[in-house]
Amino acid sequence: MRSRAILFIGVCASLLFSEAHAQMLSRKVNLPADSPVTLVSVDWGGTDASARGGAFFVDVHASLSLRNSSQKRVRAITFAVLSQEVTPGGKGSVSVPSLDIAPGEVFPVTIDLRLLRPIGGTAGVEVKLDGVLFDDLTFYGPDNLQSRRTMTVWELEARRDRQYFKKLLETGGAKALQAAMLDDLSRQADRSLYGMQMVRGRATNVEPQRDVSFAFLEMPDAPIQAMNGMARVSGSEAHAPSIEIRNRSERPIRYLEIGWIVKDQQGREFLAASMPADVSLAPGKTGQVGQNTALRFPERTSIQGMTGFVSTVGFADGSYWIPSRASLSDSRLRRVVTPSPEEQRLTQIYQKKGLNGLIEELKKF
Amino acid sequence: MKKRAHLSETTLALYVSADLPLWRRALVGLHVARCSWCRQMAEIYRDDRLRVREIASEMPPGVNWDKLSAEITANIRVGLAAGECVAPRKKKTAALGWRPAAAMAGLAALLVCAWVLNMPSTSTQELGRAFTAIWSGHVLNAGGVNPVRDTHGLVVEVNSSGIELLENGSTVLGVSQDQSKLVDVSASAEGSASARYVDDNTGQMTITSVYAQ
């Protein structure tokens, strides 16, 4: 009888402790006063903090309802999710691309993240607006996470791919669109999601190292030409990639991104990572880009070769170049390159709603 | 008949009591069979032996064996008790009763309840994975990727179930889109990774990123 009473009291105490924990967690959505989106409601759902060791683990499960209070259509939005900005490991972001939100319209953003912050105060989570991209490619926000660049590239890719599918529908009809969707679905199913670890700097590896040269996929319309490149490879690890580039356009270049394809011992190729770099490259000039990064693949993987291709170029005037659909039709690229978020969204709509649902979606904008 | 030609009295006595070695007993037996004097002496010793045994088996007059046995037993017990008083006592091991066991079970149930109510499900899953790894004797191995060795600082991990930020092998930042379908993961050599999810109901694409910077 006495032990039952102790058990009952213990369970009640743990319930109270859990409730106290939830109350300790501060939760905040931070939108600037002149923000083009306003918060209609927020549901923190199962957001909770739990102490473990010397840190709080904050599980963020939030559903924001936002209104477009600007006069333009919203194409993409990014929120920074912070548990403690100055602590490494406490930063994540949630972006929603491929939107078409009219002025005054309400739209949802779902956040599911797990963050860490050291114990030493009240555990809390802060959701901050990092940027909003409009349909005229103008941007609002602090852009601490370089979301302007990322969202602009997504939007350009979305326009390219929507245009491609619309044209296909016009010229080839529904059957041509359906065939393209089936081909897309098959390609996406063939792209296996690989396992990989990446660390800034270099992971210690006792295996002997060798220099492996990059081969490059030529894109005739790319404003950057990648000429030479190599990385140090030891077993299943590649690090310190370095590539020599030349600006063959007539405009100065400030940013570029190179896709890094790795070939394993069985001849399979997969896109390992993208290599972004801020540069200052005048027309006709050459330069060197590199990353102090190590990529580690599953131990059974033996890196046999590496290929690079230019995936994004940012000009000094703020405009961007992305590969055309024709360039991406190269069989090697098609196998490994990640489809744009919009292309993936359209194929999901086709899967869920069928051909008519997809055609309706393409007619929207 | 000279005494010197006969066996010694000791040998004959040992022969009678069957205490001679086998080979010697055989030789003495042959001699006794042929020598009348030695045979006679052996008979005398044999009679003496029987008589001594009979005398020894009889109790002295006035002695009651049952009573004597009881007294001896009682004296032994008194002696043992007195010895215990002098020698250091051994500590008795307390038998574990049902009460401590019930208290321990209650405490364990309380801890389990507190864990379930307070810790997120991901922690429980990690604990399960850790126990499984300990049980199977394997190193924890998320997504089939061996952990980067001797690495300090943050590690971005990309696998078929999503993206994570690790520090010293433990997740410090993860992504879990319960209601959504993972369609892609990608990594940037700058030290970030992204996971793309499509909401099954709304079709909305959400891209979640973690930063090791």
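1. In this predicted model, A:Val313 has A:Trp321 as its bridge partner in strand 19 of chain A. Strand 18 and strand 19 (residues 320-321) of chain A run antiparallel, with two bridges between them. The two strands form a hairpin, and four residues separate them. A:Gly318 sits in that turn with a positive phi of about 95°.

2. Strand 18 of chain A has other partners. Strand 14 (residues 253-263) of chain A pairs antiparallel with strand 18 of chain A through ten bridges. Here A:Tyr255 faces A:Gly314 of strand 18. Strand 11 (residues 210-216) of chain A also pairs with strand 18 of chain A, in the parallel sense and over three bridges. A:Phe214 is opposite A:Met306 of strand 18 of chain A.

3. How covered is strand 18 of chain A? Mostly: the strand spans residues 305-315, and eight of its eleven residues are buried.

4. A:Val310 deserves a look. Leaving aside residues up to four places away in sequence, A:Val310 touches A:Met219, A:Ala222, A:Ile224, A:Ala226, A:Leu256 and A:Ile258. A:Val310 is also among the residues with the most contacts inside the largest nonpolar core, along with A:Val81, A:Ile111, A:Met198 and B:Val156. That core has 94 residues. Its largest share, seven residues, comes from strand 5 (residues 74-82) of chain A. Another core lies apart from it, with eight residues, including B:Leu7, B:Val16, B:Val32 and B:Ala42. In soluble globular proteins, nonpolar side chains tend to be buried together.

5. Next, chain A overall. Five helices and 19 strands make up its secondary structure. Of the 365 residues in chain A, 40% are buried. Take the contacts in chain A between residues at least 6 apart in sequence: 69% of them join residues at least 24 apart.

6. Now chain B. Its elements are six helices and six strands. From the N terminus on, the order is α-α-α-α-α-α-β-β-β-β-β-β. Of the 213 residues in chain B, 24% are buried. Among contacts in chain B between residues at least 6 apart in sequence, the share joining residues at least 24 apart is 33%.

7. What span should helix 2 (residues 22-34) of chain B have at 1.5 Å a residue? Its 13 residues should span 18 Å, and the end C-alpha atoms are 19 Å apart, so the two values agree. Helix 2 of chain B is hardly covered, with one buried residue among its 13.

Technical notes. Residues numbered from 1 in each chain as written. Chains lettered and ligands numbered in written order. Predicted model: local features only at pLDDT ≥ 70, side-chain atom pairs only at ≥ 80, totals over all residues. Buried ≥ 20, exposed ≤ 12 C-beta atoms within 10 Å, placed from the backbone. Contact = placed C-beta atoms within 7 Å. Expected span 1.5 Å × (residues − 1). Core = buried A, V, L, I, M, F, W, Y, C linked by C-beta atoms within 7 Å. Pairing = 2+ DSSP bridges.
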